[in-house]
Number of protein chains: 6
Amino acid sequence: MRLVVINPNSTASMTEKIVASARAVAGAGVEVEGRTATGAPPSIQGHHDEVMCAPHLLREVREAEAGNADAIVVACFDDPAIGACREIATGPVLGICEAGVKAASMIASSFSVVTTLPRSVPIIEEMVRRYGLAHQCRRVRAAAIPVLALEEPGSNARNLVRDEIRRAVAEDGCEAVVLGCAGMSDLVVWLTEETGVPVIDGVTAATKFAEALVGAGLRTSKIGAYAPPTPH
Amino acid sequence: MRLVVINPNSTASMTEKIVASARAVAGAGVEVEGRTATGAPPSIQGHHDEVMCAPHLLREVREAEAGNADAIVVACFDDPAIGACREIATGPVLGICEAGVKAASMIASSFSVVTTLPRSVPIIEEMVRRYGLAHQCRRVRAAAIPVLALEEPGSNARNLVRDEIRRAVAEDGCEAVVLGCAGMSDLVVWLTEETGVPVIDGVTAATKFAEALVGAGLRTSKIGAYAPPTPH
Amino acid sequence: MRLVVINPNSTASMTEKIVASARAVAGAGVEVEGRTATGAPPSIQGHHDEVMCAPHLLREVREAEAGNADAIVVACFDDPAIGACREIATGPVLGICEAGVKAASMIASSFSVVTTLPRSVPIIEEMVRRYGLAHQCRRVRAAAIPVLALEEPGSNARNLVRDEIRRAVAEDGCEAVVLGCAGMSDLVVWLTEETGVPVIDGVTAATKFAEALVGAGLRTSKIGAYAPPTPH
Amino acid sequence: MRLVVINPNSTASMTEKIVASARAVAGAGVEVEGRTATGAPPSIQGHHDEVMCAPHLLREVREAEAGNADAIVVACFDDPAIGACREIATGPVLGICEAGVKAASMIASSFSVVTTLPRSVPIIEEMVRRYGLAHQCRRVRAAAIPVLALEEPGSNARNLVRDEIRRAVAEDGCEAVVLGCAGMSDLVVWLTEETGVPVIDGVTAATKFAEALVGAGLRTSKIGAYAPPTPH
Amino acid sequence: MRLVVINPNSTASMTEKIVASARAVAGAGVEVEGRTATGAPPSIQGHHDEVMCAPHLLREVREAEAGNADAIVVACFDDPAIGACREIATGPVLGICEAGVKAASMIASSFSVVTTLPRSVPIIEEMVRRYGLAHQCRRVRAAAIPVLALEEPGSNARNLVRDEIRRAVAEDGCEAVVLGCAGMSDLVVWLTEETGVPVIDGVTAATKFAEALVGAGLRTSKIGAYAPPTPH
Amino acid sequence: MRLVVINPNSTASMTEKIVASARAVAGAGVEVEGRTATGAPPSIQGHHDEVMCAPHLLREVREAEAGNADAIVVACFDDPAIGACREIATGPVLGICEAGVKAASMIASSFSVVTTLPRSVPIIEEMVRRYGLAHQCRRVRAAAIPVLALEEPGSNARNLVRDEIRRAVAEDGCEAVVLGCAGMSDLVVWLTEETGVPVIDGVTAATKFAEALVGAGLRTSKIGAYAPPTPH
């Protein structure tokens with residue numbers, strides 16, 4: 001099968017990292033293709049960036065479809081434009097927030113989310129409510145780092161994320177922690193070891209869930225909310 | 001005060017209709033400016049169209065800000081990109097779904113929504129849940145007409161809307177009906193007379209609520225979710 | 001239009017303050033009439049006071065209707081007897097809690113409420129749930145002052161309110177604060193300046209929303225919960 | 001123990017019926033005293049009537065307290081002024097809606113409510129939500145009879161109630177039915193026999209739950225929402 | 001009437017304590033029979049123990065039925081296998097968590113729960129949500145004591161429970177506290193005196209509510225979820 | 001990896017069918033082992049059967065662990081004893097209801113469930129609420145067939161299931177249908193073809209999700225609700 005992982009921002013180094021994460025867990029026979037939403041903002045920090053990336057993301061979805069993608073992962077924790085992607089795609093489409101929190105709900109009775117900037121906290125809280133998991137989410141926390149700090153070699157970002165995870169476990173009583181940014185994907189093994197608690201990376205979770213849905217023979221339903229876009 | 005009403009699709013006749021509705025109710029001293037999201041799809045029928053209109057909408061919001069808008073109304077019932085608009089704007093920003101259902105909640109203990117196409121039903125249901133009014137919303141119904149049929153002189157669209165409102169009252173036990181499309185704005189007086197039930201037009205409601213917020217000295221909060229976009 | 005603002009307690013100095021707040025924001029052509037629920041308790045601090053004020057409040061509503069009121073504001077944050085007022089009134093009726101929190105929901109993704117006494121906290125929490133905004137309300141807080149302390153010149157009440165607002169912003173992560181008592185109405189400008197955060201006064205909000213509903217041609221629905229009282 | 005059952009309307013024949021229901025189930029050593037809210041409306045059909053009965057109800061609560069009541073039942077399905085009664089009372093206070101639906105939730109996984117007039121439906125729906133049992137309540141139905149029709153010998157009211165219960169079972173898939181009016185209290189045995197489904201009378205349920213709370217040594221908590229009224 | 005109180009674990013000393021609590025409050029003419037789920041784990045600390053006790057519990061329910069039980073109380077705060085017990089029983093069946101939190105909801109606007117071990121906290125939180133009382137439950141707390149420490153004479157367990165109740169009142173703003181373990185049943189009077197706040201024991205509450213339901217003529221509905229087990 | 005699929009009832013033919021479904025979708029390198037809860041009831045039709053199967057199910061989980069299972073699927077739509085299984089297991093444990101409805105939520109905005117007997121409807125409704133997906137679940141329906149009718153060659157069961165799916169699509173406006181019984185697992189391809197709507201089999205979904213969680217490096221969290229059982 002052919003899995004296309006789309007980075008909806010325009011930072012190619014982040015795409016590489018994301019694709020590496022996806023490939024590291026992809027099953028036998030799964031070809032992972034990475035795509036970057038060239039033309040989009042370099043990172044998605046708030047609603048405005050989400051809007052500005054979305055048409056570029058949809059262009060990549062269309063190209064993925066043209067290339068016979070079996071499933072698509074949208075690798076930004078704001079789950080931008082997922083409904084629109086599902087209208088265009090025929091196979092399953094997964095955002096990494098949805099995948100991450102649903103994975104957490106399967107291995108723990110409660111979880112917290114650790115994201116980058118405080119401004120993303122209310123956005124993620126709203127998504128968690130929409131996915132129906134507010135009752136299992138203890139708290140959405142920010143490590144107070146810009147997204148692109150995660151791309152800078154030698155930055156202190158990873159330590160700040162680790163410290164916030166430790167605070168989540170100590171203060172929230174959560175049983176697992178979901179990483180609230182695609183750019184943290186490469187840290188998941190190190191963070192798990194450092195903290196001793198299940199740490200969930202949405203990129204990994206979405207990759208495996210997308211494989212799972214395809215393997216179960218499921219595709220996006222086309223008889224309602226995700227019917228193909230109306231021709232104009 | 002200066003109120004900018006933006007039609008996030010590119011159909012100028014719809015903008016004219018919407019602006020006429022807004023002007024018909026605008027208070028003394030309120031200047032209503034209409035803007036069309038030129039370059040956007042001609043109508044918004046589903047998630048894809050919403051995404052494709054959003055950057056054009058944001059451009060209009062930016063121009064409205066440059067023109068010293070005191071408040072902004074986004075005149076599409078899908079409330080596209082409201083969070084992003086609020087990041088850019090300094091004054092209040094209102095979508096017509098939010099305004100319509102919150103107005104309904106103030107004059108009736110329950111309401112139904114009548115929209116155009118069935119594909120919009122789950123989208124509106126999700127918004128109503130997000131606005132916290134699912135317990136007052138009896139049902140979201142579709143009159144099964146394309147948005148642009150409302151622009152065609154001589155079409156049967158208005159009768160179909162009226163008939164669906166009558167069914168809502170008879171079958172849902174609702175006490176008011178919210179019109180689920182900006183393109184129905186010019187019908188609100190006729191529909192109220194025909195059905196004898198309070199019929200709420202989101203354009204009108206949003207215009208007046210925007211005026212109200214400005215009049216109360218309120219502007220969009222800038223210390224959290226709606227802080228200005230991060231510079232890149 | 002004719003807007004009647006009713007103080008459901010019997011303290012005339014509070015009525016004057018409330019009416020001044022309403023007049024300060026009322027639109028051109030809006031005549032604001034204040035009424036005091038003479039015979040009611042001097043302040044409403046709990047369920048008992050709410051019950052004891054309600055028949056006096058309804059009497060004032062009836063007189064307002066006789067005087068051709070276009071809309072009615074009930075200026076107590078417990079929103080006493082709103083359903084009953086809506087049965088009697090023909091125009092819209094707004095309580096200041098409903099107006100305040102719905103205004104907050106339009107300009108901020110989250111808010112806290114600062115009220116007077118701790119005993120009002122569970123009452124307000126229940127109202128916020130009923131209005132469907134629990135997910136946006138971070139916390140309901142009490143400044144621990146009796147209602148009438150707000151009427152005493154030279155009291156420290158305003159400083160206690162300001163301090164509690166600052167704690168709300170610092171501890172709750174809220175983006176706006178709603179004042180939880182009609183008697184705080186005259187402080188809203190000062191509190192906004194002192195705290196630098198959007199502070200919402202329910203009296204002001206209700207005044208403008210009532211104007212808005214009338215301006216939108218909306219009246220209380222009479223086909224269900226708010227039908228006129230049954231004759232006995 | 002001394003249980004005071006208060007009819008918050010002024011119809012003495014209804015008080016007699018209610019007291020008879022309470023006495024029929026009262027435990028050994030339980031003295032049931034009936035009180036009528038003289039001066040209140042003759043029936044409670046909507047919010048207005050509820051407000052107008054409430055001060056008379058509170059007067060009866062005060063007198064019951066003066067007479068050393070151990071517990072109080074408020075015998076109207078709108079549960080009027082329960083918070084205020086709890087502020088005045090020292091023992092437990094139960095409304096018959098709360099008691100009825102909580103009893104239903106203990107013997108069935110779902111229930112419907114059958115009340116008198118359609119206008120009471122949204123009022124009861126809101127109470128069921130407030131009591132946290134919306135997920136177990138299939139539907140609130142009205143038999144379309146005025147409250148006092150239940151007092152008229154020879155009226156068809158009881159048959160209409162029975163027919164509505166049968167429809168509830170057939171159409172709603174509910175496992176029990178709660179009678180939504182104190183005036184149906186004398187019908188509960190007959191209705192149970194006629195329909196073969198558990199039928200729950202709130203008067204009976206509240207009487208027994210009030211006894212139960214007293215027997216368990218519980219009294220109304222006085223450290224928060226139900227603290228004694230503030231002296232003025 | 002004949003009330004059977006079943007201890008679903010195998011610790012006979014706990015059964016004795018529970019039965020003593022039930023008898024201390026049972027009404028005139030109520031015969032309380034205690035039964036121990038011999039063969040079950042000695043205490044129920046988590047999901048596994050709950051499963052292992054359940055068939056033994058059902059055996060005791062069957063024997064109680066054979067002995068003409070009018071009602072059954074399951075005396076473990078995890079409310080194990082209540083649905084299955086209700087399928088077997090003809091009379092009402094009450095778990096002590098359901099009874100405890102519903103009793104609390106009748107005498108206080110909010111409550112906290114104090115249980116034994118932290119691992120029970122998420123289990124109880126889920127039950128409180130299922131019973132629809134999450135909005136009234138401030139917090140579920142653990143005193144960090146094993147269940148059987150409550151059986152050891154001279155242990156410090158009772159002091160730890162008292163201290164946790166005091167913290168609940170001070171930190172949670174709750175108006176009542178529910179004891180989250182059947183083994184705390186004998187402490188309820190002492191804890192109430194020590195803390196001055198309403199403390200609710202589920203065993204006592206369930207005993208009285210079971211009596212109440214029987215006294216109201218109610219039995220478990222057999223037309224849906226609690227129909228008798230399918231014969232195999 | 002080693003995936004153990006446990007049939008918690010004792011009907012071996014059903015185990016075979018379930019294992020065949022799992023093997024049909026299992027990824028390369030996944031060894032699927034089937035286990036039957038010998039000693040359990042032959043089918044699970046209600047709460048009682050669920051309890052009686054659970055200790056046998058746990059025994060199989062323990063043996064699976066002893067055999068180095070990497071993940072476990074519990075193949076009954078009532079998701080019996082999942083919490084207890086998670087306490088025992090080290091890898092992920094998935095019930096087929098949770099897997100089925102979460103899969104549905106990823107490919108459709110709404111779904112209905114079609115199960116066997118009406119008595120399972122309230123049980124499934126409660127699970128859907130617990131999993132947080134009530135807002136996406138249009139309706140839980142029963143085809144009115146006993147579980148074991150699905151095992152009888154030549155029975156009409158499959159046609160009844162197909163007809164109920166068609167009614168779900170026509171009447172509920174759902175976009176996908178989840179099969180509410182493990183015994184329907186072999187019908188999923190046929191039902192999808194017959195109805196033209198996405199039909200989701202929980203066995204398949206759980207198999208792939210279990211694989212996915214293992215592939216993502218996730219195991220059941222052991223620091224809270226799913227810590228190993230307390231030694232007694």
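1. A salt bridge here is a side-chain nitrogen of Lys or Arg within 4 Å of a carboxyl oxygen of Asp or Glu. Polar contacts do turn up, with 12 residue pairs counted between chain C and chain B, both residues at pLDDT 80 or more. That term covers a pair of N or O atoms within 3.5 Å; within protein, one must be able to donate a hydrogen and the other to accept it, and residues adjacent in sequence count only if both atoms are side-chain atoms.

2. A word on the source: this is a predicted model, where local features need pLDDT of at least 70, side-chain atom pairs count only at pLDDT 80 or more, and totals for chains, interfaces and linings use all residues. Residues are numbered from 1 along each chain as its sequence is written, chains are lettered from A and ligands numbered from 1 in the order in which they are written, and side-chain values use heavy atoms, with hydrogens and water left out.

3. How much do chain C and chain B bury between them? About 3,000 Å², with 68% of it on carbon and sulfur atoms; buried area is the accessible area (1.4 Å probe) that two parts lose on being put together, summed over both. On the chain C side, C:Met106, C:Ile107 and C:Leu218 lose the most area to chain B, together 22% of what that side buries.

4. Each partner brings 42 residues to this contact (contact means heavy atoms within 4.5 Å). For chain C, helix H8 (202–215) gives the most, with seven residues. Helices (H or I, at least four residues) and strands (E, at least two) are DSSP runs, numbered from the N terminus.

5. Now look inside chain C, where four strands form an open parallel sheet in the order E2-E1-E3-E4. Two strands pair if DSSP finds at least two bridges between them. Strand E2 (31–36) and E4 sit at the edges, each pairing on one side only. Three bridges join E3 (residues 71–74) to E4, and C:Ile72 has C:Val93 as its bridge partner in E4.

6. Elsewhere, salt bridges are there to be found: the count over all chains is 126. In one of them, A:Glu31 meets A:Arg2 at 2.9 Å, N to O. That pair links strand E2 of chain A to strand E1 of chain A, 29 residues apart.

7. Not every pair of chains touches: no contact joins chain A and chain D, whose closest C-alpha atoms lie 15 Å apart.
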